[in-house]
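Colleague: I am new to this structure and would be grateful for an account of the terms applied to it. Please set each value against its definition.

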Amino acid sequence: MKYFKSIPFFILTVFIISCEIAYAQKENTLIKLESNENAPIISKHIYGHFAEHLGRCIYEGFYVGENSTIPNSEGVRTDIINALKELQIPNLRWPGGCFADTYHWMDGIGAKEDRPTIVNTWWGGVTEDNSFGTHNFLNLCEELGAEPYLSGNVGSGGVQELADWVQYTNYKGTSPMSDLRRENGREEPWTVKYWGVGNEAWGCGGNMRPEYYVDIYRKYATFMSGADVDGGLYKIASGASNDDYNWTEVLMKNIPKNLLQGVALHHYSVIDWNAKGSDVDFNEETYFNSMKESWLMEELITKHTAIMDKYDAKKEVDLIVDEWGGWYDVAEGTNPGFLYQQNTMRDAMIAGMNLNIFNNHADRVKMANLAQTVNVLQAVILTEDEKMILTPTYHVMNMYKVHQDATLIPLSFDSPMYKFKEASLPALTVSASKDSNEKLHISFTNIDSKNGNTVSIDLNGLNVKNLTGSILSSDSLQDHNTFENPNKIIPRNFEDFKFKKGLLELTIPPFSVLVLEGVK
Ligand code: AHR
């Protein structure tokens, strides 16, 4: 009798234990949205871009010339202009990169037939005819509604040359440079606020030591004056490569704050500079290593910020990540000096992860520039003759644009891990913001190649009534858009969430980017 009585009890116990095991296995990550009273604005400039005279970025990319049969505005392709307008690009950095420290801006103004040529020594050794110059670039920025960010030549150009560029582009009154601008057909100045004082001064910009560059910076920045720009020019020092913390330390210690508004940082997701690997033909190990390099951005920003905090507790100087993105071997059969690569779901992961990192560091990171806009490295746009395609990275930037100038909502959670062999990485990055219309946006990137990750978020207190979502995902990591199949990867609506009484639960599928919008 005793034996029979215990059977139902035994069954019940087994049932409860198995329920508990099943529950424990279904990892559910709790994401806590914190109060945003003193949270920073996510500067729209985090969503900036970069266009260098490199390979087919400017020529055969943006610029096809006024006489091209491809529809254009002052020689710039209208399909590219429209795509970038849709993206609401807030700024565009130009003309380099390494090219900037070889560029003499006066070669690119005046009658095209009279412009001298130069050899693009950094990129493919091609002859540059200077047909795309200052007027083309600044007019393009005006058309895009984007702020221009000019990279000044400090490596091989003189102080007067850079000071003259500032006057040419910005001075309203009468001066030799503003008169020359008028002679070349532009009455009003363009009002260029953002100026880089050299690029990669530690490398292609002159192989300088930081102590030397600091003095060079101070000299150039001193003479960049007389510009009619509200609030003055915003000058950006050529910053560290990756974890060169000493570079940031020397700059922060020795450049007076009145001369310095931003300090740059460059970090590319490269697995090995001597064996970068194929853009499209990669295995999971390579993918994991790309994600590891991409995730390093979190540590780099944290550590460079800590150094900046030491010298600038009030956060008056900004961290500007003016080059970032994935870098692989060039696409098969293309010029090694042109850095043309395809763009797969791996790049979508790099984009989603880095933008979440930048958003969450919005108190110090005020600008970032993806390298590069068209046909170079992690491009948002690829062209082939008259054809143009948008890459997965374009779609991520487009989905995330909702964060531009919105107030950050800080959040906390313990990320589930993406495990590969003995190693692991946080699988999820997430950022949230509230825009000026009180709309809530949460962006998630799950880099795990195999597992979806379930999250719960308590939205009570945020007064959200309706939620909509969009997702970028595909069947394989190597998937990409091609000129034959341009819409293989495009965002789709996402409704696969439970949202009840302010509690949200959803599963972010493997290697996907997801953005939710909540309205009152
Ligand atoms: O974006 C390509 C190159 O990478 C840039 O010209 C240079 O600044 C960096 O090394």
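**Ligand contacts and salt bridges**

Modeller: An N or O atom in the side chain of Glu200 lies 2.7 Å from an oxygen atom of the ligand. The model is predicted, with local features requiring pLDDT of at least 70 and side-chain atom pairs pLDDT 80 or more, whereas totals for chains, interfaces and linings use all residues. Residues are numbered from 1 along each chain as its sequence is written, and side-chain values use heavy atoms, without hydrogens and water.

Colleague: What makes Arg182 and Glu187 a salt bridge?

Modeller: The definition asks for a side-chain nitrogen of Lys or Arg within 4 Å of a carboxyl oxygen of Asp or Glu. The closest N and O atoms of Arg182 and Glu187 are 3.2 Å apart, so the pair qualifies. Lys310 and Glu249 also form a salt bridge, at 2.9 Å from N to O. By this rule the count is 22 salt bridges.

Colleague: Why is Arg182 called partly exposed?

Modeller: Buried means under 20% relative accessible area and exposed over 50%, with partly exposed in between (1.4 Å probe, protein chains only). Arg182 has 22% relative accessibility and therefore counts as partly exposed.

Key. Polar contact = N/O pair within 3.5 Å; in protein donor to acceptor, adjacent residues only side chain to side chain.
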